[in-house]
Each structure stands twice: as C-alpha cells, then as structure tokens.
Amino acid sequence: MKKFVQHETASFSRRSFITAITAGLFAVAVHPLMASTSAASTSAVSGGQKVLIVYYSRSGNTRVVAESIHTALGGDIVELQTVHPYPEEYRATTEQAQKELKANYFPPLKTSVDDISPYDVILVGSPNWWGTFASPVRGFLAQHDFSGKKIAPFITHEGSALGKSVADLKTLCPSATILDGLAVRGGRVQGSQADVGQWLKRLDLSK
Ligand SMILES: Cc1cc2nc3c(=O)[nH]c(=O)nc-3n(C[C@H](O)[C@H](O)[C@H](O)COP(=O)(O)O)c2cc1C
C-alpha cells in the first residue's frame with residue numbers, strides 16, 4: 001500500500017480555534033453518503049472475530065497508525081475519502097470543520113464501507129477535530145447500525161488526546177460495545193508501534 005505521510009506543520013493552538021469560532025454557521029445541508037468501496041475480504045483474526053479498520057486522515061498521521069494496526073492485527077482496512085478534499089490550508093480546514101460540526105454536517109464520501117454486518121470488531125480512526133471525530137468519520141458512524149458490534153476508537157491529535165470522542169461514540173452508536181481508545185500525538189505516529197501493540201493487547205486482539 002502506498003504510504004503518504006505528512007505531518008501538520010501548524011500545531012493545534014487554542015487561539016486559532018477561538019479565532020475560527022467567529023466564523024458563522026452555514027446552512028445545514030446533509031448530503032447522502034456515497035458508499036462506494038467495500039472492504040475486500042473479511043479475514044478472521046483474534047479468535048475468529050472479524051476485524052475492520054476504518055479511518056479518515058487529512059494529512060497522513062492517522063493513516064500511519066491505521067497501517068500499523070493493520071500490520072499488527074490483519075483484518076480489513078478502509079480509508080474514508082471525501083468527494084471534495086478539505087482545503088490545503090490548515091486554518092481554512094479548521095474553520096470549515098467547525099462549521100460542519102456545529103451544523104452536524106457530514107461531507108459526502110467517495111470511499112466508505114457498504115456493509116459492516118460481517119464484522120465483529122470495528123477499529124475507527126480519526127484525527128481529533130475540535131475535540132471529537134473528524135466530520136467524515138462522524139458521517140460513517142451515523143450511517144451504520146452498530147448493534148452488537150464492538151467499536152474501539154484510535155485518534156491522532158495535537159494535545160486533546162481522545163477528547164470527547166468516546167462520549168460521542170456512545171451517543172452515535174448506542175447499541176455498540178465501546179472498547180478502550182488509543183490516542184497518539186500527530187508528531188509521534190512514526191514511533192507508535194509499541195503503543196499500538198499494547199492497546200491491541202488490552203483489547204485482547206491479536207493475529
Ligand atoms: C480541522 C482540524 C481540527 C483540529 N482540532 C484539534 C483539536 O481539537 N485538538 C487537537 O489536539 N488537535 C486538533 N487538530 C490537530 C489534528 O488532530 C492532528 O494534527 C492530527 O494528527 C491530524 O491527523 P491526520 O494527519 O490524520 O489528518 C485539528 C486539526 C484540524 C485540521
């Protein structure tokens with residue numbers, strides 16, 4: 001798999017977020033998600049449990065962690081991609097993301113997962129955006145019925161760690177069992193294999 005790793009150059013700053021708060025809300029327009037990509041196979045790992053790793057990554061950090069989890073665990077892996085890319089510019093993306101969060105807007109996806117029913121455990125990866133999952137991941141979580149599934153979040157961040165992602169997961173997926181989450185600093189994703197390994201061990205997941 002081609003690796004694309006680009007760390008955020010501008011670190012998360014509370015001031016930049018407060019500045020962005022001045023941006024007004026735009027109209028609520030919830031587009032239907034385009035579920036165009038299915039995971040290729042449903043390989044069984046960890047005592048017969050079928051695992052899906054699904055993630056969004058704007059600038060590459062979360063992708064590094066997702067691939068590290070995939071290397072350690074196997075299972076299927078899907079990257080969520082939006083139809084319209086977010087702006088290159090960091091500040092513009094934070095402003096857009098804040099508007100999306102306030103409006104509960106989910107951007108249309110050009111890749112997603114058609115059917116999560118074969119999976120027992122779903123590891124959901126996202127950058128921390130405004131203290132929670134990025135909009136494309138919130139859209140994915142809102143789109144599916146996770147009844148009877150186990151879900152564990154993994155988040156990359158610049159200081160807010162898991163933020164309120166776990167609480168939001170419980171709200172978005174009330175019928176799922178929420179497992180412990182993993183938080184990795186964006187600048188430390190390259191050295192995160194040991195943390196990933198310990199996290200998977202805590203979740204009792206292995207190849
Ligand atoms: C729109 C946006 C909002 C963000 N909000 C936060 C935040 O609330 N807390 C935080 O610690 N980092 C925040 N960050 C920093 C990212 O979580 C961090 O750089 C992450 O590792 C990026 O992951 P990615 O490379 O997979 O996109 C934000 C970044 C962006 C672009």
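This is a predicted model: local features need pLDDT of at least 70, side-chain atom pairs count only at pLDDT 80 or more; totals for chains, interfaces and linings use all residues.
The protein chain has six helices and 10 strands. Of its 207 residues, 39% are buried. Among contacts in the chain with a separation of 6 or more, 81% join residues 24 or more positions apart.

**Ligand shell**

The ligand is surrounded by 23 residues, and the closest are Ser 57, Asn 61, Thr 62, Pro 127 and Gly 186. By residue class, the shell holds 14 polar, six nonpolar and three charged residues. Helix H2 (61-73), helix H3 (90-102), strand E6 (121-129) and strand E8 (150-157) each contribute at least two residues to this shell. H3 gives the largest share, with four residues.

**Nonpolar core**

In the largest nonpolar core there are 44 residues, and Ile 53, Val 54 and Leu 123 have the most contacts inside it. Two or more residues of this core come from each of strand E2 (49-55), H2, E6, helix H4 (135-143), E8, helix H5 (165-172), strand E10 (182-185) and helix H6 (193-202). Setting aside residues up to four places away in sequence, Leu 123 touches Val 51, Ile 53, Ile 69, Ala 152 and Phe 154.

In E2, five of the seven residues are buried. In H4, seven of the nine residues are buried. The buried residues of H4 are Ser 135, Pro 136, Val 137, Arg 138, Gly 139, Phe 140 and Leu 141.

**Strand pairing around E2**

E2 pairs with E6 in the parallel sense, over five bridges. Within this pairing, Val 54 has Val 124 of E6 as its bridge partner. E2 also pairs in the parallel sense with strand E3 (residues 76-79), here over four bridges. Tyr 55 stands opposite Glu 79 of E3. From E2 the chain crosses through H2 to E3, and this β-α-β crossover is right-handed.

**Lys 150**

Lys 150 is placed in strand E8. Is this residue buried, partly exposed or exposed? Lys 150 counts as partly exposed because it has 18 C-beta neighbours inside 10 Å, while a buried residue needs 20 or more and an exposed one has 12 or fewer. Not counting residues up to four places away in sequence, Lys 150 touches Asp 120, Val 121, Ala 176, Thr 177 and Leu 179. One of these contacts, Thr 177, lies 27 residues from Lys 150 in sequence, yet the C-alpha to C-alpha distance is 4.7 Å.

**Residues with positive phi**

Most residues other than glycine have a negative phi. Asn 104 is not a glycine and has a positive phi of about 50°. Asp 204, also a residue other than glycine, has a positive phi near 65°. Asn 104 lies in the loop between H3 and strand E5 (109-111), whereas Asp 204 is in the segment after H6. Asn 104 counts as exposed because it has 12 C-beta neighbours inside 10 Å. Asp 204 counts as exposed because it has 11 such neighbours inside 10 Å.

The table lists the neighbour counts of the single residues discussed above.

| Residue | C-beta neighbours inside 10 Å | Class |
|---|---|---|
| Lys 150 | 18 neighbours | partly exposed |
| Asn 104 | 12 neighbours | exposed |
| Asp 204 | 11 neighbours | exposed |

Note on methods:
Residues are numbered from 1 along each chain as its sequence is written. A residue is near a molecule or strand if its C-beta atom, placed from the backbone, lies within 6 Å of it. Ala, Val, Leu, Ile, Met, Phe, Trp, Tyr, Cys and Pro count as nonpolar, Asp, Glu, Lys and Arg as charged, and the others, Gly among them, as polar. A nonpolar core is a set of buried Ala, Val, Leu, Ile, Met, Phe, Trp, Tyr and Cys residues joined through C-beta atoms within 7 Å. Two residues are in contact if their C-beta atoms, placed from the backbone, lie within 7 Å. Two strands pair if DSSP finds at least two bridges between them. A crossover is right-handed if, with the strands pointing away from the viewer, the path from the first strand over the helix to the second runs clockwise.
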